[in-house]
Amino acid sequence: MVEFRHVTKTYPRTHTHALKDVDFHIAKGEFVYVTGHSGAGKSTMLALMLRRIVATEGTVAVAGQDVARVPDSRLPMLRRHIGMIFQDHRLLGHLSAFENLTFTLRAVAARGNHEQRAMAVLRQVGLAHKRKAYPIELSLGEQQRVAIARAMVTDAPLLLADEPTGNLDPDTALEIMELLDDINLRGTTILLATHARDLVDSYKRRTLVLRNGELVRDDTRGGYSL
Ligand code: ADP
């Protein structure tokens, strides 16, 4: 699903080596953490998968495609295959939970019945009863559930989550982790970037550890210990 082959990313203006010869492979259906201190290169890794930036050396492949070779005209297609979840939910404030989902479906010109699909996904994240609520009328945890629903609504086979529990209290963070687990069990590949040590330690799974741009550990058993 995701392959980094000897990927180096240097930001030329500041001569920052954000990633150095990073090499790993994530199979379809895996749930993998990417951890490391701030500045270790986690966001750079996600940006490369979305082709927001391109590697200085090496290749990045998503779903078998070398992303650097995807023509600009097909970039929306690539990004439709990748659902993004951020620390701040980034929902549209003037749209209800339901409308945030149908808006996304319209934006990518998804096939099928948008209303039915939006309701099915809201049900899956346990928020069908809040379909008419605007983001401001939802708790932080509920907002993040809607954001997860939005990432899933286009049926993306890969979800990238960047500190998805960063703004949440421990109990709510746990609920979000359980939801992501559930989504993963249904077949979606998930890559979760975080520096939340407690999270990584309590839900042990494969963990990629970045340190100053180098992949210093790829541990199938998981756990934090930088
Ligand atoms: P993380 O997400 O782990 O905090 P980043 O990928 O954001 O790490 O950053 C890795 C390194 O690259 C840091 O030294 C950061 O300052 C640098 N960096 C990130 N984005 C840019 C950019 N657009 N231009 C120049 N340097 C950048």
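Colleague: How many helices and strands does the secondary structure of the chain come to?

Modeller: Please keep in mind that this is a predicted model. The chain holds 7 helices and 10 strands. Its radius of gyration is 17 Å, close to the 17 Å that the globule rule gives for 226 residues, so the chain is as compact as a globular protein of that length. Along the principal axes, the C-alpha trace spans about 45 × 40 × 30 Å.

Colleague: What percentage of the residues in the chain is buried?

Modeller: Buried residues account for 51% of the 226. As for contacts between residues at least 6 apart in sequence, 68% join residues at least 24 apart.

Colleague: How should I read a pocket, and what is the volume of the largest pocket here?

Modeller: The general idea is that rolling a probe the size of a water molecule over the atoms shows where empty space is left. In this model, the largest pocket has a volume of about 510 Å³. It is lined by 19 residues, of which Arg79, Ile82, Met84, Thr104 and Val108 are the closest to its centre. Two or more lining residues come from each of α2 (75-80), β6 (82-85), α3 (97-107) and α5 (140-152). The largest share, 4 residues, is that of α3.

Colleague: Which residues are the closest to the centre of the second largest pocket?

Modeller: They are Arg80, Ala110, Arg111, Thr154 and Asp155, out of 14 lining residues. About 260 Å³ of space lies in this second largest pocket, and its lining comprises 8 nonpolar, 2 polar and 4 charged residues.

Colleague: Which residues have the most contacts inside the largest nonpolar core?

Modeller: That core has 39 residues, and those with the most contacts inside it are Tyr33, Ile148, Met177, Leu180, Ile183 and Leu192. Elements that each supply at least two of its residues include β3 (31-35), α6 (170-185) and β8 (189-194). Apart from this core lies another, of 30 residues, among them Leu19, Val22, Met49 and Leu210.

Colleague: Which residues does isoleucine 148 touch, beyond those up to four places away in sequence?

Modeller: Isoleucine 148 touches Ile85, Ile176, Leu179, Leu180 and Ile183.

Colleague: Does histidine 129 count as buried or exposed?

Modeller: A residue counts as exposed when its relative accessible area is over 50%. Histidine 129 has 59% relative accessibility and therefore counts as exposed. Histidine 129 lies in the loop between α4 and α5.

Technical notes. Residues numbered from 1 in each chain as written. Predicted model: local features only at pLDDT ≥ 70, side-chain atom pairs only at ≥ 80, totals over all residues. Heavy atoms only, no water. 1 Å grid on protein atoms, 1.4 Å probe; cavity = no way out; pocket = protein on both sides within 12 Å on 5 of 7 lines; lining within 4 Å. Points joined across faces, edges and corners; volume = space filled by probe spheres on them. Nonpolar A, V, L, I, M, F, W, Y, C, P; charged D, E, K, R; others polar. Core = buried A, V, L, I, M, F, W, Y, C linked by side-chain atoms within 4.5 Å. Buried < 20%, exposed > 50% of the residue type's maximum accessible area, 1.4 Å probe, protein only. Contact = heavy atoms within 4.5 Å. Rg over C-alpha atoms; globule rule 2.2 N^0.38 Å.
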